Amino acid sequence: MEKGHNTTFKRYGMVIDLDKCTGCGACMVACMQENNVPFKKDETDKIRSITWIRVYKLNNGKPYPDTEICYLPRPCQHCSGMGDHGHSPCVSVCPATATDYGMDTGIVSQIYTRCFGCRYCMVACPYHVRHFNWWDPVWPEGMENYLSPNVSVRMRGVVEKCSFCYHRYQLARERAFVQGRKDIEEHEYQTACTQACPAKAITFGDLINPAHAVYELKNSPNAFQLLERLQTYPKVYYLSDRLWVRMAGDNYLEEEKREMAQAKIKR
Amino acid sequence: MDSDLIPKGVQRCSLGKFLLWISACGFVLAIGVYAMILCWLKGLNQTNMNDAYGFALWIWADLAIIALGGGAFFTGFLRYIIGIKELKNIINYAVLIGFICYSSALLILAIDIGQPLRGWFIFWHANVHSMLTEVAFCLTVYFAVLTIEYIPLVLENRKIDKIPFFHNLSHNMHEIMAVFAATGAFLSFFHQGSLGGVAGVLFGRPFGFREGILIWPWTFFLFTWSAAAVGPCFTILITKITEKVTRKKLVKDNVIELLAKISGWMLLTYIIAKLIDTYYWAFHTAPGMGLTLAQFYTSDPGSVYGYWILFLEVVIGGIVPALILVTKFGRTNKIALWIAITLACIGICTNRWVMVLQLLAMPVMTFQSWFTYFPSWQEIATTILPVAYGAILISISYRYLPIFPQERELNPIPGEEAEVETVEKEEKKELATGDLSPATETAT
């Protein structure tokens, strides 16, 4: 397998600028529409809602007027696992090999027709990105006509999650092949949430390709990953110049928090 | 009416009374079966599980009954591999309890999966890296072993035993039972361990994650150890309950005390290992992930898991019963023995509870709070189902099969002894099976 620029070896990932995110939820809507994500008549019970990307509202815990808010969109983190061998928390535990790590793309996929609904992957995932179909999907009358033909709908009893709009990658690859090209360009494969974000807070691309915007962005001193201390090696990076936001990305001991705050003052 | 089926030389209640008891258990069983059918037909929306609680009451029940059913493999190991002869007087019951526990666990697993018709995918598309795959394989094969161990007992029913083929089959199965006991022990060491590994390998879940040796986290060994320690306690507990219900002494004290002694020392060594594991996890593993013990056991909003549950698991359900069981006074004093075996069972159930429910209750991302869950009636009914099923199978087995080899000796019926011996001699003659002796030591 080749490595580097314009090769077949990719590591697709995302960089989300939390200082730009307004929490509008357009990414969530676009994702649901793009991926035929089912919904219920009553969605008040959020813990059974299927949201491939979910926007969390964080605050700095300080009273007014020092209160600060941050919106954090959380798609599947597509963890690489230690050594990039695909030993992500969910892939390694699935007893039926129904979730797979693409060694060519770094994308964690879910094989719906093989999943038998044991939910061990949901238990293993610390990000809660995996959702179980507690019900069969029921679409409002006429809405079936608007479902995407490129994404299979899921039945009751299986787990689903964000696929980084993998069908778009497949379509882009097919288009390139027909046109006699060996590879695809950055703009040819973009996720629905990336394109829907009005604030351009989400940047998507190949993390190991210097020609892609995410390559530089992820190296920012303000970049961090969620729960990186767990050694899940996520491929979603977040940016924020606010220390409290960066610290919200992981668990830290009290002395570690103090050290980070002091380091910021010195900087 | 059914006196021909009842073993000779023992007394049983009237058939009417027996059927009344079976009907009562059957009623509870029927509710469980109804809930089970609801889950199968309508799906897991019948439960109160959610995307935070992918595992819940059922998986806890699975882990707990498999641990409690560990008496079968460990007693079998002691009887057949180590060769402790006294245990032949309780091994039948240990096997029966194990059979009930494992069949119940498999049934619950079948309800617990979202696509029950795809259950076989775990074998067909097996991911060898998954602890659950190891659990499924070992559990299924060990259940087959338990069935093989239970069959000779069924064949020793008075009526069935009169048929030469079944009599000989029972005898021959008994002859090779050590092989199955060894296989069972081997399989059990692995699946009890892999059940521990289910939580231990979750490196995304700091509450459950443990370091270990090669691919096996420490919980792998702790689960096997604890099941071997407490499984016999559960066997003793059920034996004691059966004695209370039947108002008879069924197993001699020396047998119970011996098993209790072994169990006690196993429990004591387990709890020492558990304390070391807890210390290392709390002060080395967790801080490496930015967490402290106080964050695991907290009174934060939504959490019901304070330090009390650690105390219940380790001290009340571990150290106390272990100390009682390793002392002669604790084993010979009836009340102390009752307390010890009950606490040990509570302790192991608590351990399995925290490794499933507390693990999922605790938020890992800093901006989330503790998750709450209370099971639906369907979950509760299907969890009680195995209890009713177990009571029925024990009742039927006790009534019609010679489960307790010492029962006749401990509960002689005046005037019937000579008659029983005559009948038995006649039955042996009828069989006319050459040199084959009847399977007097009940096969397991």
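Two residues are in contact here if their C-beta atoms, placed from the backbone, lie within 7 Å, and by that criterion G71(B), F74(B) and T75(B) of helix 3 of chain B meet A228(B), G231(B), P232(B), F234(B) and T235(B) of helix 10 of chain B. This is a predicted model, in which local features need pLDDT of at least 70 and side-chain atom pairs count only at pLDDT 80 or more, whereas totals for chains, interfaces and linings use all residues. Residues are numbered from 1 along each chain as its sequence is written, while chains are lettered from A and ligands numbered from 1 in the order in which they are written. Helices (H or I, at least four residues) and strands (E, at least two) are DSSP runs, numbered from the N terminus.

**Helix packing in chain B**

- Helix 3 (residues 71-82) of chain B and helix 10 (residues 218-246) of chain B have axes that come within 7 Å and cross at roughly 100°, where axes are lines fitted to C-alpha atoms, for helices over the stretch in contact, and angles run from 0 to 180 degrees between N-to-C directions.
- That angle makes helix 3 of chain B roughly perpendicular to helix 10 of chain B (angles under 35 degrees count as roughly parallel, over 145 as roughly antiparallel, 65 to 115 as roughly perpendicular and the rest as oblique).
- The residues of the contact of helix 3 of chain B with helix 10 of chain B comprise four nonpolar, four polar and no charged, given that Ala, Val, Leu, Ile, Met, Phe, Trp, Tyr, Cys and Pro count as nonpolar, Asp, Glu, Lys and Arg as charged, and the others, Gly among them, as polar.
- Helix 13 (residues 307-326) of chain B packs against helix 15 (residues 334-361) of chain B at an angle of about 150°, with their axes 8 Å apart, and the two helices are therefore roughly antiparallel to each other.
- The contact includes I309(B), G317(B), G318(B) and P321(B) from helix 13 of chain B, and A336(B), A340(B), G347(B) and N351(B) from helix 15 of chain B; its residues divide into 15 nonpolar, six polar and one charged.
- Helix 1 (residues 15-42) of chain B and helix 16 (residues 377-400) of chain B cross at roughly 145°, their axes coming within 8 Å, and the residues of this contact are 19 nonpolar, five polar and one charged.

**Helix 11 of chain B**

- Helix 11 (residues 253-288) of chain B has 36 residues and reaches 50 Å from its first C-alpha to its last, close to the 52 Å expected at 1.5 Å a residue (the expected span is 1.5 Å times one less than the number of residues).
- Just after helix 11 of chain B, G290(B) takes a positive phi of about 85°.

**Interface between the chains**

- Chain A places 43 residues in contact with 39 residues of chain B, and the side of chain A that touches chain B has 27 nonpolar, nine polar and seven charged residues.
- Helix 3 of chain A gives the most to that side, with four residues.

**Local backbone geometry in chain A**

- The peptide bond from Y64(A) to P65(A) is cis, with omega near 10°, and P65(A) lies in the loop between strand 2 and strand 3 (69-74) of chain A.
- R119(A), a residue other than glycine, has a positive phi near 70°, and R119(A) is found in the loop between strand 5 (108-110) and helix 3 of chain A.
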